[in-house]
Amino acid sequence: MAKVFYVEASPRKARSASIEVARVLLDALAAKGHEIDTLDLWAAPLPEFDGALLEAKYAVMSAQNPTPDQQAAWDGVAAMVERLKSAQLLVVATPMWNFSIPYKLKHWIDLVTQPGLSFGVDPAKGYYGLITGTRAVGIYARGGDYSGDAAAYDQQTRYLASVLAFMGITDHTAVTIDRGLSGPDVDRAARDAAKAQVLDFAAAL
Ligand SMILES: Cc1cc2nc3c(=O)[nH]c(=O)nc-3n(C[C@H](O)[C@H](O)[C@H](O)COP(=O)(O)O)c2cc1C
């Protein structure tokens, strides 16, 4: 049995394409006995990345001892990273917003991308990821079509894939749901095609 960490980034809930497809995947995984841990980024309060937490990051990066306040703030993000690290599969369901991701998902990424927790730095080798036992599925909904020449505008799938790889999560499967704003029939067909893909993924897990 695998632990699955599901990060939900759409506030659209019942109308959301990314959530509708993610639910099919999660239900199939739960039916196979996998354990699902859910983080709804629009319901869970995330700490602001300022003050003691910001200073803690700089203290860690410059090999200084954090103050007790900074350590307490750092312990909070360490727990968030541990939640991610303890999963064998990360599922991120996200809309495209302005060619990229919603700010709530970026906020979470800023919190969990941390030196000594999710990535390391070696003077000789450079940066390396510390989350090596987790693979990822990204479920990416967008109003337009980002195949062909328009692929250059896609900073949604490429950004998430690269930041996850930076943390060590290099096994990333992208499931896209395109043209959600091209009318109900096109939207339905795109959702159904993505559901078939995630069911194949679940069957193989
Ligand atoms: C604030 C906002 C920005 C958006 N920006 C884009 C965009 O840049 N490109 C695009 O193709 N669709 C864009 N859309 C459309 C959504 O990506 C599309 O409706 C998608 O289905 C949303 O995912 P969801 O249904 O899971 O919430 C935007 C929607 C919103 C609300």
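Modeller: In this predicted model, the ligand sits in the largest pocket. Its shell is made up of 16 residues, and the closest of them are Ser-10, Arg-12, Ser-16, Ser-18 and Tyr-146. Sorted by class, the shell holds eight nonpolar, six polar and two charged residues.

In Ser-18, an N or O atom of the side chain is 2.5 Å from an oxygen atom of the ligand. In Tyr-146, a side-chain N or O atom is 2.7 Å from an oxygen atom of the ligand. Both distances fall under the cut-off of 3.5 Å, so each pair counts as a polar contact. Phe-99 takes part through its backbone instead: a backbone N or O atom of this residue lies 2.8 Å from a ligand oxygen atom. The ligand on its own has 630 Å² of accessible area, and the protein covers 76% of it.

A further topic is the pairing of aromatic rings in the protein. The count comes to nine aromatic pairs. One of them joins Trp-97 and Tyr-103, whose ring centres are 6.2 Å apart and whose planes meet at 50°. An angle under 30 degrees would count as stacked and one over 60 as edge-to-face, so this pair is tilted. Ring pairs also bring in Trp-42, which forms a cluster with Trp-97 and Tyr-103.

How exposed are Trp-97 and Tyr-103? Tyr-103 has a relative accessible area of 55%, which is over the limit of 50%, and therefore it is exposed. Trp-97 has a relative accessible area of 33%; this value lies between 20% and 50%, so Trp-97 is partly exposed.

Methods. Residues numbered from 1 in each chain as written. Predicted model: local features only at pLDDT ≥ 70, side-chain atom pairs only at ≥ 80, totals over all residues. Heavy atoms only, no water. Near = heavy atom within 4 Å. Polar contact = N/O pair within 3.5 Å; in protein donor to acceptor, adjacent residues only side chain to side chain. Areas by Shrake-Rupley, 256 points an atom, 1.4 Å probe, with all protein chains shown as cover. 1 Å grid on protein atoms, 1.4 Å probe; cavity = no way out; pocket = protein on both sides within 12 Å on 5 of 7 lines; lining within 4 Å. Sits in = over half its atoms within 2 Å of the grid points. Nonpolar A, V, L, I, M, F, W, Y, C, P; charged D, E, K, R; others polar. Phe/Tyr/Trp six-rings, centres within 6.5 Å; stacked < 30°, edge-to-face > 60°. Buried < 20%, exposed > 50% of the residue type's maximum accessible area, 1.4 Å probe, protein only.
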